[in-house]
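Subject: Structure for you to look at

Hello,

Here is the structure I promised to pass on. Please open it first, then read my notes below.

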Amino acid sequence: NRLPLSAYDNEIKSEDDYVFFLSTLWYSDEWNQNDKTVNLRRAHYVRVCKSIPNITFEGGLLGDAFSSNQLFADVYTDKRETFANWLEKTKRSAFVFNTPAFWNCHGWKLGEFLALGKCIISTPLSNDLPHPLEHGVNIHFVEENEQSIREAVEYILAHPDYRHKLERGARDYWEKWGTPLASLKLLGIRN
């Protein structure tokens, strides 16, 4: 359901006051305690963004009949987007949010955010990458609580030069470590 790699060439400038985040509200049970992990971290981010008056926020968490829609009613949305619209709105977003997802995996979004050259706010990563992401260089790490996320959002809003630095750093990381050619080199298949 993804677009070709060329769709990630991002010539759209991020907007200073627009934040888009549309993500899954995963089902939670005794084995997959997503309400205490990924769902809660994503909800913290949405709540912070919705509470800051100078942010135009669009999005929320998309659930289904098996997710905790009532528990997260204040951040729940039923407005779906085509992937093309999701990508265009993500390009416009001032910053994005990453957190390990279902079973602490790094899903599509981390790679997509790097390829797009986005200013990424992220909780700590759960898996190794080809090269570590560096706080203040190509990502902004936060703790897994609402206060830490709020401090990051407010800091980034107040410091657009820092935001642009992280955008460049994310794209530089992608070029060096994330492209298909870079991946083949890491596997020893290409020189």
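Start with Lys 79 and Glu 81: their side chains form a salt bridge, N to O 3.0 Å. Keep in mind that this is a predicted model. Lys 79 is partly exposed, at 44% relative accessibility. The pair belongs to a network of salt bridges that links Glu 58, Lys 79, Glu 81 and Lys 89. The count of salt bridges comes to 14.

Asp 9 and Arg 171 meet at 3.7 Å, N to O. Asp 9 is partly exposed at 46%, and Arg 171 is partly exposed at 23%.

Arg 163 forms a salt bridge with Asp 16, with the closest N and O atoms 2.9 Å apart. Again the pair links distant parts of the chain: Arg 163 is in helix H5, Asp 16 in the segment before E1, 147 residues away. Arg 163 is buried, with a relative accessible area of 2%. Asp 16 is exposed, at 52%.

Now helix H5 itself. Its buried residues include Tyr 162, Leu 166, Tyr 173 and Trp 177. The buried residues pack against helices H3, H4 and H6 and strands E5 and E6.

Best wishes

Technical notes: Residues numbered from 1 in each chain as written. Predicted model: local features only at pLDDT ≥ 70, side-chain atom pairs only at ≥ 80, totals over all residues. Heavy atoms only, no water. Buried < 20%, exposed > 50% of the residue type's maximum accessible area, 1.4 Å probe, protein only. Helix = DSSP H or I, 4+ residues; strand = E, 2+ residues; numbered from the N terminus. Contact = heavy atoms within 4.5 Å. Salt bridge = Lys/Arg side-chain N within 4 Å of Asp/Glu carboxyl O.
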